[in-house]
Amino acid sequence: MPFERARRAASTHLHDYITPYVGDLPSVVDMQTIRGAGVRIGVDPLGGAGVRYWDPIVARYGIAATVVNNTVDPTFRFMALDWDGKIRTDCSSPYAMAPLVAMRDRFDVAFANDADHDRHGIVTPTAGLMNPNHYLAVAISYLFTHRRAWSTTAAVGKTVVSSGMIDRVTAGLARRLIEVPVGFKWFVDGLLDGSIGFGGEESAGASFQRLNGTTWTTDKDGIILGLLAAEITATLGHDPGARYVELTREFGAPVYERIDASATLEQKRLLLQLSPAQVEAKELAGEPIRAILTTAPGNGQSIGGLKVVTDEGWFAVRPSGTEDVYKLYAESFRDRAHLERIQQEAQSLIAGIFAQHGSSKV
């Protein structure tokens, strides 16, 4: 059916998605404080779903936000190429985000969102492009100390492969931590009933409750995470990158890395079927192992892989659901040498499991 014919059909109706969303923003982010502080905000929608939202947001709230690129092109040829020369609207990638990072000194805080605007990339003068885990920790620390109307029992939600820094910040707040498998769907019930105040995942997706503690959304919202960075800057007087440095002085400075390694379908199947009994080691990188997980502590659901935890580090391995690779996540609260040792021992474990089942190491 031609578009114009479909447009004229009796069953086709116009709906304004922009005005209700823009009008409701003060219920979840303190727009008045952002405006009052005059925070200079840089915004790059990366040609995505939020392009047409920013003029109404700026006009309605009078914030000092500048859209640095409002280009809309279905080829996305305006994007800086990613590490492998491909085009991705990946707001966590320093390659894709290079143009905005180059403008970091023009703004007090800047951010971009991916094409469907459910993820966020935060850029600050002090840190450049923030590691997603770092910003999640900052957001959690801020929200649970500045949202006075939130329930005192509201918990922090994180995925099993997110930074242990979130665990430490949450413990420092005396809040409950709900650790779930990868996938934002695991936060839905908690965001609906208010038992989760903030839910976030390592891939830079997050959402949180309204100022009054009621539900804003049960999916990721990149726009409010960007505006929250501006609110944090306005309220604290320094940007989220500087705030993260303060948190490291209190909780330590972890080193986090994800490695993607080739894997056959059979090897991916083996990783899905891992059990704690297959880890015979009592130590990881010289430290006693305190937990071996194949299910998430927060809800008992399968994590689709394995996680091994010590007091100062951890690793997790999961097969990709879309590519012929497995993902090895690792973190150390000591240093990079300790992280590399964790990675080496994890890779040795994986190679041993593959060998036991007649599948050669990749």
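**Pockets, a cavity and salt bridges**

Hello everyone, let me start with the largest cavity: sorted by class, its lining has five nonpolar residues, two polar ones and no charged ones. In that sorting, Ala, Val, Leu, Ile, Met, Phe, Trp, Tyr, Cys and Pro count as nonpolar, Asp, Glu, Lys and Arg as charged, and the others, Gly among them, as polar.

A quick word on what we are looking at. This is a predicted model, where local features need pLDDT of at least 70 and side-chain atom pairs count only at pLDDT 80 or more, while totals for chains, interfaces and linings use all residues. Residues are numbered from 1 along each chain as its sequence is written, and side-chain values use heavy atoms, with hydrogens and water left out.

Back to our cavity. Rolling a probe the size of a water molecule over the atoms shows where empty space is left. On a 1 Å grid over the protein atoms alone, a cavity is a set of points where a 1.4 Å probe fits but cannot get out; a pocket is an open set with protein on both sides within 12 Å along at least five of seven lines; lining residues have an atom within 4 Å of a point. Points are joined across faces, edges and corners, and a volume is the space filled by probe spheres set on them.

By this rule there is one cavity of 30 Å³ or more, and the largest cavity has a volume of about 30 Å³. Around it you will find Cys91, His120, Gly121, Ile122, Met130, Pro132 and Tyr135. Strand S4 (120-124) and helix H6 each give two or more residues to that lining, and S4 gives the most, with three. Helices (H or I, at least four residues) and strands (E, at least two) are DSSP runs, numbered from the N terminus.

The largest pocket has a volume of about 1,100 Å³. It is lined by 33 residues, and the closest to its centre are Asp90, Ser92, Arg119, Arg258 and Asp260. Helix H6 (132-146) gives two or more residues to this lining, as do strands S10 (255-262), S15 (313-319) and S16 (325-332). S10 gives the most, with six residues. By class, the lining of the largest pocket holds 12 nonpolar, nine polar and 12 charged residues.

The second largest pocket comes to about 290 Å³. Of its 19 lining residues, Gly164, Asp167, Arg290, Val309 and Thr310 are the closest to the centre. Its lining divides into eight nonpolar, four polar and seven charged residues.

Let me finish with salt bridges. How many does the structure hold? There are 19 salt bridges, each being a side-chain nitrogen of Lys or Arg within 4 Å of a carboxyl oxygen of Asp or Glu.

One of them joins glutamate 201 and lysine 220, at 3.0 Å from N to O. This pair links distant parts of the chain, 19 residues apart: glutamate 201 is in strand S8 (residues 196-201), and lysine 220 is in the loop between strand S9 (205-208) and helix H9 (222-236). Glutamate 201 counts as buried because its relative accessible area is 4%; buried means under 20%, exposed over 50%, and partly exposed in between (1.4 Å probe, protein chains only).

Arginine 243 pairs with glutamate 246, with the closest N and O atoms 2.9 Å apart. Both sit in helix H10 (residues 240-251), three residues apart, about one turn of the helix. With a relative accessible area of 30%, glutamate 246 is partly exposed.
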